[in-house]
Amino acid sequence: MNKKVSSLLLLLVLSITDAYLLAHPNLIGRIGVFVYKHTYIRNFPRALLTVILVVGISLILCELAYRFLNRRNALLLYAALEAVGIAWFVYVYDTFSTFSYRITGKAFIYGAHLLPIILAGLFGRYMLKRLLTKPLPEAGTDGSTQTEKKEI
């Protein structure tokens, strides 16, 4: 199977799993979702739409940066997005370590942790992919490369 297709399939499976986990808190978690008006995770289709939108927009942003930004700017963007993903994971870990969130059910807690992990993994994969690709040689004004100019 193509690497691109298998990566997209993995993202899809992780997104569906995350949506399922987020949509199935225990009774106390359901009360919290209702009270705090988290309508975007009220049921499985809404949670799936939310997770797919977040992962899809992040994937499109990474792919556009990979194709249209130069290496330095793309790496800076990926590093910033990776920092946001890690900071989001730390925030979720800290929040769900409190007593009021700890009693919302293990599935809900794992689902809350999974989305930032998915995004941090996605951003990290693109950053490594961009680091490992060799930059193209700079073209001169006359169309020849720098190595061709040295030989002449």
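**View 1. Leu-9 belongs to helix α1.**
The model shown is a prediction: local features need pLDDT of at least 70, side-chain atom pairs count only at pLDDT 80 or more, and totals for chains, interfaces and linings use all residues. Residues are numbered from 1 along each chain as its sequence is written, and side-chain values use heavy atoms, leaving out hydrogens and water. Helices are DSSP runs of H or I with at least four residues, strands are runs of E with at least two, and numbering starts at the N terminus. Leu-9 is partly exposed, because its relative accessibility is 44%. The cut-offs are simple: buried is under 20% relative accessible area, exposed is over 50%, and partly exposed is in between (1.4 Å probe, protein chains only).

**View 2. A nonpolar patch lies on the surface.**
Which residues form this patch? They are Leu-9, Leu-12, Val-13, Ile-16 and Ile-52. Together these residues have about 390 Å² of accessible area (Shrake-Rupley method, 1.4 Å probe, with only the protein chains shown as cover for residues). A patch takes residues with over 30% relative accessible area and no salt bridge; nonpolar side chains (Val, Leu, Ile, Met, Phe, Trp, Tyr) are joined within 5 Å, like charges within 9 Å. Helix α1 gives the most to the patch, with four residues. Leu-12 has a relative accessible area of 40%, so Leu-12 counts as partly exposed. Leu-12 and Ile-52 are 40 residues apart along the chain, with 7.9 Å between their C-alpha atoms.

**View 3. Ala-47 lies in helix α3.**
Is Ala-47 buried or exposed? Ala-47 is buried, because its relative accessibility is 0%. The C-alpha atom of Ala-47 is 9.5 Å from that of Ser-15, and 32 residues along the chain separate the two. Across the whole protein of 152 residues, 33% are buried.

**View 4. Lys-4, Glu-63 and Arg-67 are linked by salt bridges.**
The structure holds two salt bridges (a side-chain nitrogen of Lys or Arg within 4 Å of a carboxyl oxygen of Asp or Glu). Side chains of opposite charge can pair when their charged atoms come close. Lys-4 pairs with Glu-63, and their closest N and O atoms are 3.1 Å apart. Lys-4 is in helix α1 and Glu-63 is in helix α3, so this pair ties together parts that are 59 residues apart in sequence. Arg-67 also meets Glu-63 in a salt bridge, at 3.0 Å from N to O. Arg-67 and Glu-63 are about one helical turn apart, because four residues separate them in helix α3. Lys-4 is partly exposed, at 36% relative accessibility. Arg-67 is exposed, at 58%.

**View 5. The largest pocket holds about 600 Å³ of space.**
A pocket is found on a 1 Å grid over the protein atoms alone: it is an open set of points with protein on both sides within 12 Å along at least five of seven lines, while a cavity is a set where a 1.4 Å probe fits but cannot get out; lining residues have an atom within 4 Å of a point. Points are joined across faces, edges and corners, and the volume is the space filled by probe spheres set on them. The largest pocket is lined by 25 residues, with His-38, Tyr-40, Phe-96, Tyr-101 and Phe-108 closest to its centre. Which helices each supply at least two residues of this lining? They are α2 (27-35), α3 (44-68), α4 (71-95), α5 (99-102) and α6 (106-132). The lining has 18 nonpolar residues, seven polar and no charged ones. Nonpolar means Ala, Val, Leu, Ile, Met, Phe, Trp, Tyr, Cys and Pro; charged means Asp, Glu, Lys and Arg; polar means the others, including Gly.

**View 6. The second largest pocket holds about 240 Å³ of space.**
Its lining has 13 residues, and Ser-7, Leu-10, Leu-11, Leu-122 and Arg-125 are nearest the centre. Helices α1 (3-22), α3 and α6 give two or more residues each to this lining. Helix α1 gives the most, with six residues. What is the lining made of, by class? It has eight nonpolar, two polar and three charged residues.

**View 7. The protein has seven helices and zero strands.**
Along the sequence, the pattern reads α-α-α-α-α-α-α.
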